[in-house]
Amino acid sequence: MSPTATKKVLIVGLDLGTNTSVFEVAKDGKTLKFEKDAFPTLVGYAKQGIIPGILPTDADTMFADHALEYRLHLDLKWPLRDGFVDDVECCKSYTSFLRDQVDPKGEHELWAVVGAPANASDERKKDIRSAFGGILERILVVPEPFLAAMGLRDDDRVKEDASYVDPTKNSLIIDIGAGTTDCCLVLGCYPGPDEQISIDVAGDAIDEKLQENLAKRYPDIKMTRVTITKMKENHSFVGKKKQANVKVFVDGKPKTVDLGALINESCEVIIDPILNSVRELFSRCDSEAVEFVLHTIIVAGGGSQIRGLADLIQARLREEGYEGATTRVPDDYQHLVAHGALKIANNVRDDQWQVPI
């Protein structure tokens with residue numbers, strides 16, 4: 001790869017998410033296949049005084065799916081909050097785990113493009129780089145919505161199909177993660193600060209609202225953060241009210257209750273903030289480009305899976321006079337940022353890479 005590399009190099013595209021982290025990897029220009037490439041962004045520390053033999057190999061730290069599996073015997077820690085590194089040392093422990101998934105034998109240098117929320121400050125980007133200090137040999141931090149647009153782009157059709165609508169040419173990306181919702185105008189080049197808006201109303205805000213609603217309506221139901229998130233992922237929707245029958249435990253006894261109204265109300269907390277951000281970006285957009293952008297509004301990220309959300313955003317925009325507003329949801333939302341990051345990583349010049357510290 002480079003005369004500076006002491007080992008063979010793996011090129012990595014990485015979506016370091018508040019809830020889930022995803023990677024794609026290439027070697028010598030060829031994308032590698034992994035049995036598993038998406039992991040919960042979660043670290044679990046063995047509870048004090050735990051009985052020997054309860055945890056596999058009496059581990060004091062567990063990660064991702066194993067942390068979820070043994071969560072009753074662990075103190076859980078999420079390394080990221082609101083899309084940003086919350087605890088550098090905890091995050092470094094988690095990124096070391098990710099490295100082991102990519103290169104278990106430690107035979108390669110890892111050079112990675114890593115996604116960050118839109119308009120991340122220099123200090124926030126520094127935290128991301130610090131979390132990879134000693135983990136990656138090279139790093140480049142790039143806005144996640146831009147990476148999502150790159151991931152969605154069909155490079156072959158760009159070359160061969162004149163009718164193909166290129167999402168990197170004129171589009172608006174609404175990337176709804178767990179910690180942040182990032183809205184970004186992608187107009188054929190790397191977006192500047194005025195073309196990006198990041199808000200801290202996203203999946204975690206829905207979870208918090210749902211937990212608050214449950215506490216008011218059913219004070220005897222106790223649910224952990226993990227359970228709340230799973231329930232949201234299974235039943236989330238906006239728009240027309242419908243049932244969501246969920247099995248819960250009240251005073252230790254199983255009971256099925258309809259939580260549809262509470263889930264609906266909780267999910268809708270993100271709608272107005274998203275629409276406000278979209279309107280603001282339209283006001284900043286060149287008037288000649290607005291019409292093209294309106295036809296390519298991409299709703300991505302885990303929040304794109306909220307039933308009815310993309311359609312509701314489209315309907316609200318059209319009601320407000322944004323004629324032709326058209327939203328769509330990518331088929332593979334989970335790998336979009338990592339896929340776009342790998343595309344960028346494969347084309348980064350040696351002098352553009354940074355050394356994480």
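Mentor: Helix H6 (residues 203–217) packs against helix H8 (residues 260–267) at about 145 degrees, with 8 Å between the axes. This is a predicted model: local features need pLDDT of at least 70, side-chain atom pairs count only at pLDDT 80 or more, and totals for chains, interfaces and linings use all residues. Numbering starts from 1 along each chain as its sequence is written, and side-chain values use heavy atoms, without hydrogens or water.

Some terms first. Helices (H or I, at least four residues) and strands (E, at least two) are DSSP runs, numbered from the N terminus. Axes are lines fitted to C-alpha atoms, for helices over the stretch in contact; angles run from 0 to 180 degrees between N-to-C directions.

The crossing of H6 and H8 is right-handed. That label applies when the near helix is turned clockwise from the far one by less than a right angle, and left-handed when anticlockwise. H6 brings Ile206, Lys209, Leu210, Asn213, Leu214 and Arg217 to the contact, and H8 brings Leu262, Ile263, Glu265, Ser266 and Cys267. The contact (heavy atoms within 4.5 Å) has six nonpolar, two polar and three charged residues. Here Ala, Val, Leu, Ile, Met, Phe, Trp, Tyr, Cys and Pro count as nonpolar, Asp, Glu, Lys and Arg as charged, and the others, Gly among them, as polar.

Now the five-stranded sheet. It is open, with mixed pairing and the order E14-E13-E12-E17-E18. Strand E14 (196–199) and strand E18 (327–328) are its edges, each pairing on one side only. Strands pair when DSSP finds at least two bridges between them. Strand E17 (residues 297–300) runs parallel to E18, joined over two bridges. Thr327 in E18 is the bridge partner of Ile297.

What happens at E12? Six of its six residues are buried, so E12 is largely enclosed by the rest of the structure. Buried means under 20% relative accessible area, exposed over 50%, and partly exposed in between, with a 1.4 Å probe and protein chains only. Ser171, Ile173 and Asp175 point one way from E12; Leu172, Ile174 and Ile176 point the other way. E12 pairs with E13 in the antiparallel sense over six bridges, and Ile176 stands opposite Thr181 in E13. Four residues form the hairpin link from E12 to E13. E12 also runs parallel to E17, joined by four bridges. There Leu172 stands opposite Ile297.

Helix H9 (residues 271–284) lies across strand E12 (171–176), strand E13 (181–186), E14 and E17. H9 runs at about 165 degrees to E14.

Next, the three-stranded sheet. It is open and antiparallel, in the order E6-E5-E7. Strand E6 (61–63) and strand E7 (74–77) form the edges, pairing on one side only. The twist averages 25 degrees from one strand to the next. Strand E5 (residues 43–46) and E7 share four bridges in the antiparallel sense. Val43 stands opposite Lys77 in E7. Helix H2 (residues 88–102) packs on this sheet, touching E5, E6 and E7. The direction of H2 makes about 60 degrees with that of E6.

The buried residues of H3 are Asp127, Ile128, Ser130 and Ala131. They cover an arc of only 165 degrees around the axis, which puts them on the same side of H3. That arc is taken from the directions from the helix axis to the C-beta atoms. Their cover includes strand E9 (84–85), H2, strand E10 (108–116) and strand E11 (138–143).
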